[in-house]
Every structure is written in structure tokens, then in C-alpha cells.
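Here's a quick tour of the model for anyone about to run calculations on it. Have a look at the charged pairs to begin with, then the packing.

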Amino acid sequence: MSREIPFCLIGLGNIGRNLLDILTHRTAAIENEYDLKFILVGAADSSGAAWSAQGLNLETCVALKLARQGIANYPNVGKPGVLANELIEIIDAAILIDASPTNLKDGEPGLSCCHRAIEKGWQIVAANKGPLVLAYDELLQAANAQNVHFAFSGTVAGGLPTVNIGMRDLAGSAVTRVEGIFNGTTNYILTRMLDERISYEEAVRGAQQAGIAEADPTLDVDGWDAANKLVIIANSVLKRSTKLDDLSVEGIRGVTLQDMLEAKANGQVIKLIALAELKGNDYCLSVKPTSLPADHPLARTGMWDMGVVYYTDYMGIISAVIEEKGPVPTSAAVLRDMINVSR
């Protein structure tokens, strides 16, 4: 008989909703392969919360969100106005899934929810970058003190196991350099500019029409989304206590089609690269448009791709690329973490 794992989900946007949709299709396979059965005992969004010790119906939750209704409208057990941190006090769970919106001002509500869940001994799976960018050290120290696993592989490049490769698979070797395309929107924009000979402005409009750029694309095009992810890599993989202020950040607004064509004429491709480079005893950290040789693994990425290259002292050079056309792979990464922290 499969072991039941009760979990609490805060945030039912694209990532949270798609996680529940994946679980509806993969529950039987997960039970068969891992002897685990995940039970959603509580969920919260901006409308309020719903909870049941017997478990909420995943398809009902997904249907509510697709109908643009909040989880507080869940029949019989939905409660308008109940906050995520209040829900954590009410229910018993084994895992907290933080898929709440990224807030880089104070990390809330995710930061407080993660701290309280750690105090209660719940395992943590985060898709929300905010708490990790603002308070990585304090969160991981608190988790370690409570013997709690804190997994966050979905926070850097969606479904690409960027964090897992660095933390788990490079054990025993030193990382001397990390190069990453961690923001899919900017890679889409730059790739279309070059492939279709269009301007930056046209490519941004295309990204917005494709649904991968916000009406205000500042976080992506000015490099801050990639910078947030590099902060997480620096803290987790490089073991360097790092904040956003430690990075030099430049976005792609100044990149023109002429720049792209000149680079191509010189056998190069311009990409927005997140870079950590070991110099002496410390890493230099930056995000900026960078000309790469055309045969570089990241230069060959397409408009839907993200990737990472790790340079090491003894394991050589390891690169990985993912084609990711929407938020579903990030949700799948959350499920990957749920399985790993439960085993």
C-alpha cells in the first residue's frame, strides 16, 4: 500500500494549477513507481483557502482556477479571506509547496509560510524565488536545524535540473565557472531578432503575443529575473553567501539587430548570460549580453530554450539545455522535488 503524503499548496497560479493537473494524470504512476500518494489537504490563493483532512479533489481545484475562480469557492470547505499563513496553522501536512507569487520586496507571503512550516517540521518545496533570493542563509539554516529538506529545483530555469546538477551531481569537485541562460523570455527575443531580422521592439511584442512576456517586461529584459536565479545558484551550488547587490546586472534593451548581425559576421551569437567566474578566492557574478562563439552550447540554443554550463576542476565541462514552451516543466520540477523529499 502506498504511503500517503499530505501536502499544502500556497499559490494556484500557472505553476500551482499545472502541478495539480500533472498529479491528476500521474498519481497512479507515482504510486506504482515510488509507493507514494500525494494528498492535497489545504490550498490557499488570493481569494482565501480550502482544506480537508480527507483531501481536496484535484480536478475540482483545477476547474475552479480555469473558470477564473478562487480556491475559496471550493464547495463546502472553501473559506474566503483565510490567509496562507493562517492555513498552515490550521492543517497537518508533511510538505509545503510554495508556488506563491515572487515578491522581491519582503518575500511575503512565502517567506513567513516557509519559516512556520519549517518550525512544524514540514518538508519544503519552493517554486517561488523571492524567499530564497532575500533570505537563503536563514531559511536553509532553519531547515537544517529542524532536519527539514528544502528543495527548490524549479526556481532556476524551470524543468532544467540546474540546481540538482550543481548540488548533487558535481559533489566532490569544485565549480570554477557557471554560464547560464536562465531567462527564457530574453532568449526568445534575441533568437527571433537574429533569425527573423527583426528589431528588439518587434521581438518583445512577439514575446508578449506568445504569452511569455508580461505587458511590462522589465523583470525579464533588464536582467533581474536571471540575476535572481544566479543568486540562488551562488548560494546553493557555489556555497557563496550572495545577495542581489553582489551582482553586476545589465539587460538587453540596448541590443540592436545591427549588433546581432555584426556578432554573427564574426562567428558569434549574443545571448543574455548569467555568469559566475572564480577569480582568486571569490566569484565574480554578472548578468549581461555576451558574445559567445557560435559553437558554444548556449549559442546554439533556440528561442524556447534555456541552459547551463558548469566548468569544474575534475569533472570537466557539463552542459544541459531544456526546451520549455510554458510553465508546465516548472510544475513538473516541483513534483520531482516532492518525490525526492518524500523518499
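Which residue forms a salt bridge with Arg177? Glu179 does, and the closest N and O atoms of the two are 2.8 Å apart. A salt bridge here is a side-chain nitrogen of Lys or Arg within 4 Å of a carboxyl oxygen of Asp or Glu.

Some ground rules first. This is a predicted model, where local features need pLDDT of at least 70, side-chain atom pairs count only at pLDDT 80 or more, and totals for chains, interfaces and linings use all residues. Residues are numbered from 1 along each chain as its sequence is written, and side-chain values use heavy atoms, with hydrogens and water left out.

By the 4 Å rule, the count comes to 13 salt bridges.

| Pair | Distance (N to O) |
|---|---|
| Lys65 and Asp45 | 2.8 Å |
| Asp225 and Lys129 | 3.5 Å |

Both link distant parts of the chain. Lys65 sits in helix α2 (residues 58-66) and Asp45 in strand β2 (residues 36-45), 20 residues apart. Asp225 belongs to helix α10 (residues 224-236), while Lys129 is in the loop between β6 (123-126) and α5 (130-145), 96 residues away. Helices (H or I, at least four residues) and strands (E, at least two) are DSSP runs, numbered from the N terminus.

How covered are these side chains? Buried means under 20% relative accessible area, exposed over 50%, and partly exposed in between (1.4 Å probe, protein chains only). Asp225 counts as buried because its relative accessibility is 6%, and Lys129 counts as buried at 13%. Back at the opening pair, Glu179 is buried at 6%, whereas Arg177 is partly exposed at 24%.

Now for helix α7, which covers residues 184-196. Of its 13 residues, 10 are buried, including Tyr188, Ile189 and Leu190. Among the elements covering those buried residues are β8 (175-181), α8 (200-209) and β12 (305-312).

Methods. Expected span 1.5 Å × (residues − 1). Contact = heavy atoms within 4.5 Å.
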